[in-house]
Amino acid sequence: MALVFEEIVTDCPQWAKECVAFIATEDYGKAMVSARENFEASCKNKDSKGKVFALLIIAKVHLGMGELYDAKEIAEKAFDVVKGSDAKLEASVKHTLAKVSLKLCRFSEALEVAEEASGMFSKAGSKAGEAAVLSSIAETHLACQKKQEAVKVAKQAVAMFKDINEKLGEADALATTVKIHLNMKRYEEALRAANEIVGIYQGGDDTARMGASMLLVSDVRKAMGETAEAEEMASKAVELFEDAMDRRAQAMALRKLADTCFANNNQTDGWTYVREARDICASIGNKKGEASALCQIAAAHVALGSFEEGGHIAEEGIKLCREEDYKEDLATMLWTVADGHMAEIMAGAAGPRESHLNWMARKKGKEALALFQQTGSLSGQVKCLNVLAMAFISYGNVAEGKAKAKAGVQIAKEMEDKEAEGLNLLLVAQARLYDNRDEALRLARLAEKLLKESGTPDEIKGAEEVVEFIRDFERTGGKKDKEAKIKLSDVQSEKTDITGDLEFGKVRKCYFHCFTARLARASR
């Protein structure tokens, strides 16, 4: 987005500054073309510095597109070229490597590399570089769940940017502060920081950053549950971009506005805005924006239970992503389809339709998992393992489902993501119900504890339902008197899951609905 500060713009060629601007608006295609052209020119002219700038821009493009392994490889090549020749540029490459490590969830490595970059900037006399690294360190501390340390470092970054009067850097550091406060559920502090960013650009002529700051305020309002205010602020940002004739930014703002409308249960306007965003993207040739809009539309349809419509739209998006080689978007779209298929099964699909949907869920989920593994996205891998675990368990292949869920738990631990760990543990618990009920109850309680620490209210409610079900089943299904025993069919029919009496759209995210009578029979 437009509120991202890149320290290299203070001392780089004009073409590189333009590329940074392209990346800020997610125009990765133009940035990549320009960087490659300048890389070839630098090689011909034996311009080592120009070569490093080109490689650095290419790495940043890959990072923005979620192609993390490619970003790491290119950034390492840039570091090999620049090493020992330009301290400030060398520090910038190190900082990019730290950002890549953070995205790869290698937190210790990210902190170590960031500290090295900070020292390099200090020796080179670059306060802007030091402050930018501090902001990245704050994000890394947040990812490590060291929230107080994250707040402290983010405030240091803000203060340092203020001292050198670097407004974009200050806005970027404040945006990091907003993210941290939202994670800590300190909504008033988050709103205060977001309004500070608005104050930086209010009254100026930088519409791109003013609009971005307004959208950030909208995000905070939405997190606070003030959906009407969030929708109003997002609408103002859309109008601002429209008046400035910034079509790309207008489309991005429309998608944000659509999300806010969906959160406000304003489905009609939500559909209108996201379709308008897609039309704008198509009209200006923004294929990536069009693909993202299609994914958003498909996911919204699935969330509302319109599975067939969501599937058709997702297939259109999948085709576009394959044509343009958008790996991250393709993987996300495939996962959305797989998740939608499982949701349709849980909504009551039966017979041949159920078998077909389960097969398609496993097929799409496996392809999505392979793509996320190729790009290095651990968060994507966890999502795919989760939906695959549901599909295999529902299908009756309990061993494979349990293995997938356990793999998801392991990756979530590496990411230090308690929410993802809890959701996957719920699946492991259900898979253990018929071979070791004591272990199933222990795992379910652990999952409940994790979700109470980091999950949503609906996820917590879902975990409590699982614990209650396993506890009750243990009491009635153990070695009791015959009169106390109950038939499995009395507990649960072939097509009834333990969340059948809860609101579908909300509890589906809790991922504990895959326990079926089929699983019980397969486990005997």
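R248 and D27 join their side chains in a salt bridge, 3.4 Å from N to O. A salt bridge here is a side-chain nitrogen of Lys or Arg within 4 Å of a carboxyl oxygen of Asp or Glu. The rule finds two salt bridges across the interface of domain 1 and domain 2.

The model is predicted: local features need pLDDT of at least 70, side-chain atom pairs count only at pLDDT 80 or more, and totals for chains, interfaces and linings use all residues. Residues are numbered from 1 along each chain as its sequence is written, and side-chain values use heavy atoms, with hydrogens and water left out.

**The domain interface**

The domain assignment gives domain 1 as 1–184 and domain 2 as 185–284. Such bounds come from an automatic or database assignment. The interface values are these.

| Item for domain 1 and domain 2 | Value |
|---|---|
| Separation of C-alpha centres | 25 Å |
| Buried area | about 1900 Å² |
| Share of buried area from carbon and sulfur atoms | 69% |

Buried area is the accessible area (1.4 Å probe) that two parts lose on being put together, summed over both. In contact are 21 residues of domain 1 and 21 residues of domain 2; contact means heavy atoms within 4.5 Å.

Six residue pairs are in polar contact between domain 1 and domain 2, both residues at pLDDT 80 or more. A polar contact is a pair of N or O atoms within 3.5 Å; within protein, one must be able to donate a hydrogen and the other to accept it, and residues adjacent in sequence count only if both atoms are side-chain atoms.

On the side of domain 1 that touches domain 2, helix 8 (147–163) and helix 9 (167–183) each supply at least two residues. Helix 9 gives the largest share, eleven residues. By class, this side has eleven nonpolar, five polar and five charged residues. Nonpolar means Ala, Val, Leu, Ile, Met, Phe, Trp, Tyr, Cys and Pro; charged means Asp, Glu, Lys and Arg; the others, Gly among them, are polar.

**The whole chain**

The protein chain has 26 helices and zero strands. Both are DSSP runs, numbered from the N terminus: helices are H or I of at least four residues, strands E of at least two. The C-alpha trace spans about 85 × 45 × 45 Å along its principal axes.

**Around T10**

T10 sits in the segment before helix 1 (14–24). Its side chain reaches the backbone oxygen of E7 at 2.9 Å.
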